Amino acid sequence: MNLIIVSGPPSSGKTSVILKTIASFQNRNIKVGVVKFDCLYTDDDAAYEKAGIPVKKGLSGALCPDHFFASNIEEVVNWGNGEKLDLLITESAGLCNRCSPYLKEIKGVCVIDNLSGINTPKKIGPMLKSADFVVITKGDIVSQAEREVFASCVSSVNPRAVTMHVNGLTGQGAYELGSLLYDENQNIESVQGMQLRFPMPSALCSYCLGETRIGEAFQMGNVKKINLGADKT
């Protein structure tokens, strides 16, 4: 079974890109399933079900969705193999811009949209910087010049990645993306022992453990303070 990890900011068009890419796989008789990771709510599973795609979803609740992903990806792979999938796609939104769900041995795709702002590629962090493929969406809403500038900003952050434009509405570019992602020689039976490409942030403080009171007296554990000293002249 192939495994592909797709991530990106909320509302960047991940689900639309995945659906269009899966359509190209289905024409090649490749059985695809999806597991959707999110925080509090998602109805994307309904879109996958409507398209006849095997799907499961997991909501992380108070836990970071990428930590939730790392804690459950082995079980997810077991599910995909049990479904006898040829390809399993996981979808996750990295909300803190500091985490990354990618595994070293598995292809990672970051989806980012042209409307997110010219400096957004610098803000996303390892989710973009460590991706193998960067898919830029919503290019039909901006000018050609804006698309080129945004793509240049993406490449400056991650020059190693293959950068592609995919239209989540028409599917333009989805077949090309699919042809790059699927590897007939890959057979993932387990991800036990595989490593994350980037370490998760360490954050075990009093607020992680349920503290709600504000003030230094109530702050323990991994605490980082802002430097508000006067600027040197």
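1. Let's start with the make-up of the largest cavity's lining: 10 residues are nonpolar, one is polar and none is charged. The lining consists of Ile4, Val6, Val17, Ile18, Thr21, Phe25, Ile89, Val109, Val111, Leu177 and Leu181. Please keep in mind that this is a predicted model.

2. On volume, the largest cavity holds about 60 Å³ of space. Searching the whole structure turns up one cavity of 30 Å³ or more.

3. Which elements each supply at least two residues of this cavity's lining? They are S1, H1, S5 and helix H7 (174-181). H1 makes the largest contribution to the lining, with four residues.

4. Helix H1 deserves a point of its own. The buried residues in H1 are Lys14, Thr15, Val17, Ile18, Thr21, Ile22, Ser24 and Phe25.

5. Now for the open space. The largest pocket has about 200 Å³ of space. Its lining comprises 14 residues, and those closest to the pocket centre are Pro10, Ser11, Lys36, Asp38 and Asp44. Helix H1 (14-26) and S2 are the elements that give two or more residues to this lining. By class, the pocket lining has four nonpolar, five polar and five charged residues.

6. On to the largest nonpolar core, which has 31 residues; Leu88 and Val134 touch the most other members. Elements giving two or more residues to this core are strand S1 (2-7), S2, H3, strand S5 (107-113), helix H5 (126-129), strand S6 (133-137) and helix H6 (144-157). The largest share, six residues, is from H3.

7. How many aromatic pairs does the structure hold? There are three. In the pair formed by Phe37 and Phe69, the ring centres are 5.2 Å apart and the planes meet at 70°; an angle over 60 degrees counts as edge-to-face, so this pair is edge-to-face. Phe37 belongs to strand S2 (residues 32-38) and Phe69 to helix H3 (residues 65-82), so the pair ties together parts that are 32 residues apart in sequence.

Conventions. Residues numbered from 1 in each chain as written. Predicted model: local features only at pLDDT ≥ 70, side-chain atom pairs only at ≥ 80, totals over all residues. Heavy atoms only, no water. Phe/Tyr/Trp six-rings, centres within 6.5 Å; stacked < 30°, edge-to-face > 60°. 1 Å grid on protein atoms, 1.4 Å probe; cavity = no way out; pocket = protein on both sides within 12 Å on 5 of 7 lines; lining within 4 Å. Points joined across faces, edges and corners; volume = space filled by probe spheres on them. Nonpolar A, V, L, I, M, F, W, Y, C, P; charged D, E, K, R; others polar. Buried < 20%, exposed > 50% of the residue type's maximum accessible area, 1.4 Å probe, protein only. Core = buried A, V, L, I, M, F, W, Y, C linked by side-chain atoms within 4.5 Å.
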